[in-house]
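Subject: The structure we talked about, with notes

Hi there,

Here is the structure I promised to pass on to you. Have a look at it first, and then read my notes below with the viewer open.

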Amino acid sequence: MTDTEAGFQKGMHVMKEIYSTFRLGDMCAVYLLEGDTGTCGLTLLPWELKDRLTLEGWWNIEPVVQMKLLGDAYPDGFSHGHSMRNSATVTGLVFREQREERQGAVLRVTTVLEREGVEVSHILEYTEGSLFTVQYTRLHSRREAEVGVEMISSYNLCAFSGLEPELRMEDLVLHRMQSKWSMEGKLESVPFLDLQLEPAWLRIGANSLRFGQVGSMPVRRYFPWMIAEDRKYGYGIGIQICHPASWQMEVYNRDDRIALSGGLADREFGHWMKYLKKDQVFETPPAIITAACEDVDGISHRLTSAQRANLDKVPEVERTLPIIFNEYCTTWGNPSEENMLKIVDALRGKGITYCVIDAGWHIQNGSDWSDIGDWITNQKQFPNGLSHVARAVREAGMIPGLWYEMEVAGEASRIFREEEYLLHRDGFPLQTGHRRFLDMRKPRVREYLRERVTENLRQCGFGYLKVDYNDNIGIGCDGAESLGEGLRQNMAASQDFFRELRQELPDLVIENCSSGGHRTEPSMQALASMASFSDAHECNAIPVIAANVTRAILPAQSQIWAVLRRKDSEKRLYYSLSNTFLGRMCLSGDVCGLEEWQWRIAEEGMAFYKRCAPVIRNGRSFRQGPHVDSYNHLRGWQAVCRRGEDGAQMLVVAHSFEACGNVVEVQLPEAGGHWQISGEFHRKGISVELREDRLLLSAMEAYDGAVILLSC
């Protein structure tokens, strides 16, 4: 028997104890200590299950932080190349102390580990009354020599699911949100057994599912979001990483417990390394983590509740979730003074708050999107300048908005050839297709954007900014210790510019957009009033995508398209408008050509939306209906119920697809009384009926939409 084999057989008998326990509302943080090695680990449980936690079984405690220092041995267990976890850095970490601090309603638990002059502090923060924890890691080098870091986690939870001595792999399920352009947020639920996370007979072979995203579009392929569920005990751990660049999550197994870790994408996955000089400190992106005896929608609500603070930081006009009009699906990238003034006249008095000029205002000499970056107004299209249109919008009682893709340069622009403004890789300007990327770290770039963006918005009188971002930096850029660190620094500088915009223009409403939904992660949401949910402008799958995205961002910050066409039937108009009740209503389309009866439906929808806005802003959502497999060939039905914060109101947003059946039956939660219908929005012919705890919608055809407001 090898030393490795003997060591892991010893895991059957290793001394394990509970070092400390903290009650965090309805959650419990349990810190574990391994007597033989001094390793200090952390697990998170619902409070009601804390007494079921067992230390028995064939497993070892993992430390609260996973990291890898340059020069230390890489991990064994056949994992080198698909994981950097449990390297010699980790086995050499020594637990030094744990500090508990209380500051007002905030509890902060700091667990300090050491390795040869490097201090590693894992911080867990909990605010009284909240449904989640915030966790991150701080690295402080005290070595005389420079320290290279190849991997460091924001969190590492061990002992999942530790409610019985043996690992019950058949009870465990991993939930992830897949994402691709115009099909964001599809829920993927996979049993751990199908991920081959079951331990081998001698517990020496490690396996890790490492997934994430590489580049500057943090929501691409996957959202930085996951839930690990124990179906036998009906609880799950939900995690969301707050980071605008490359990130990773890992689900790891070597023995009879699962470990969950994540944060920055490491050297293997994201080309990231960082060097620290003596007394230099590095802090990882935070992760939002919760544990509860709830289903996927319930745990998602707990995660997104961390973003509720965003709603208190937006301009005052945003408090009532006002309605947006964006002309992109009206002119398709060809706005002008002439057509904008017609649009303004069509929207006058309709109850719309924002009127946004989208892409195309900057076009020079018919060069289309390729001249982005110079941001000079097209004088042929806007002979009196943008300020003339902005004033007309204000005079019509709306707030004017303007589109930018301010972090890039198109190949027809002047700045595309100004290499000192651009990101480089291997000494060459970093280019994808016809775009290059501005180096947001450089003072000259920031000054340029102040002139072309901030001052243009200020001088023209715009009160709304749509920030788009339509390509990906990829593994990173020059100018730092590694390509991945260059990327991290550049995206941090980009976020600093967002903060500067909010400071310089405090009443500015900012929309976070990136090819639709490629930036819908918590750290970007904290810098904006709302985000574009998707580029699914007119797709039938809009309500499915909108419901998906609700698991990762707040509906109050999720802007959803309703593109109205002159050819639209009554049914299509109700379908399109009802989509927007899953978030923020954004109208576009043929507003200058709609007939009177079509405008009546649109205005009915807008008026009803305003009635429902308090529930949309402050509520809790759960989805009903069969799983949707194909987004291009929808079948069945979907209903999203959103219950208001006080429990006295509930919004039901229902959509039917192909083969939906004659009746859509929605199960209602207990109300402490009887639910009553207080408002409806749907086409004539659909019948709505309450039967005790069920809502029945009859005569719904394929691609019908209906919105019902209930009260009790």
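Below are my notes on its sheets, helix pairs, a salt bridge and some backbone details.

Before you start, please keep in mind that this is a predicted model, in which local features need pLDDT of at least 70 and side-chain atom pairs count only at pLDDT 80 or more, while totals for chains, interfaces and linings use all residues. Residues are numbered from 1 along each chain as its sequence is written, and side-chain values use heavy atoms, with hydrogens and water left out.

**A sheet of five strands**

Helices (H or I, at least four residues) and strands (E, at least two) are DSSP runs, numbered from the N terminus. Two strands count as paired if DSSP finds at least two bridges between them. With that in hand, look for the open sheet of 5 strands, ordered β33-β34-β35-β40-β37 and paired in the antiparallel sense. Its edges are β33 (619–624) and β37 (676–681); each has a single partner strand, so one side of each is left without a neighbour in the sheet. On average, neighbouring strands here are turned by 20 degrees against each other, direction ignored. (Axes are lines fitted to C-alpha atoms, for helices over the stretch in contact, and angles run from 0 to 180 degrees between N-to-C directions.)

Strand β33 is joined to β34 (residues 637–644) by 6 bridges, and G619 has G644 in β34 as its bridge partner. Helix α13 (residues 596–617) packs on this sheet, touching β33, β34, β35 (649–656), β37 and β40 (705–711). The direction of α13 makes about 135 degrees with that of β37. Contact here means heavy atoms within 4.5 Å.

**Helix pairs**

Two packed helices are described by the angle between their axes and the distance between the axes. Helix α13 also packs with α12 (residues 570–579), at an angle of about 25 degrees and with the axes 10 Å apart. That makes α12 roughly parallel to α13 (angles under 35 degrees count as roughly parallel, over 145 as roughly antiparallel, 65 to 115 as roughly perpendicular and the rest as oblique). The crossing of these two helices, α12 and α13, is right-handed; a crossing is left-handed if the near helix is turned anticlockwise from the far one by less than a right angle, and right-handed if clockwise. Which residues meet there? From α12 they are E570, L573, Y574 and L577, and from α13 they are W597, Q598, I601, A602 and E604. By class, the contact of α12 with α13 has 6 nonpolar, 1 polar and 2 charged residues. (Ala, Val, Leu, Ile, Met, Phe, Trp, Tyr, Cys and Pro count as nonpolar, Asp, Glu, Lys and Arg as charged, and the others, Gly among them, as polar.)

Next, find helices α8 (residues 443–460) and α9 (residues 483–504), whose axes come within 11 Å and cross at roughly 35 degrees. This crossing of α8 and α9 is right-handed. Among the residues in contact are R446 and R450 of α8, and D496 and E500 of α9. The contact of α8 with α9 has 5 nonpolar, 1 polar and 6 charged residues.

**A hairpin and a salt bridge**

Strands β5 and β6 pair in the antiparallel sense over 9 bridges, and E101 stands opposite R108 in β6. The hairpin has 2 residues between the strands, and G104 takes a positive phi near 65 degrees.

How many salt bridges does a search of the whole structure find? The number is 60, where a salt bridge is a side-chain nitrogen of Lys or Arg within 4 Å of a carboxyl oxygen of Asp or Glu. R96 forms one with E114, the closest N and O atoms being 2.8 Å apart. Since R96 lies in β5 (residues 94–103) and E114 in β6 (residues 106–115), the pair ties together parts that are 18 residues apart in sequence.

**Two backbone details**

F160 and S161 are joined by a cis peptide bond, with omega about -15 degrees. You will find S161 in the loop between β9 (147–160) and β10 (172–179). N86 is a residue other than glycine with a positive phi, near 60 degrees, and N86 lies in the loop between β4 (67–69) and α2 (88–91).

Happy exploring!
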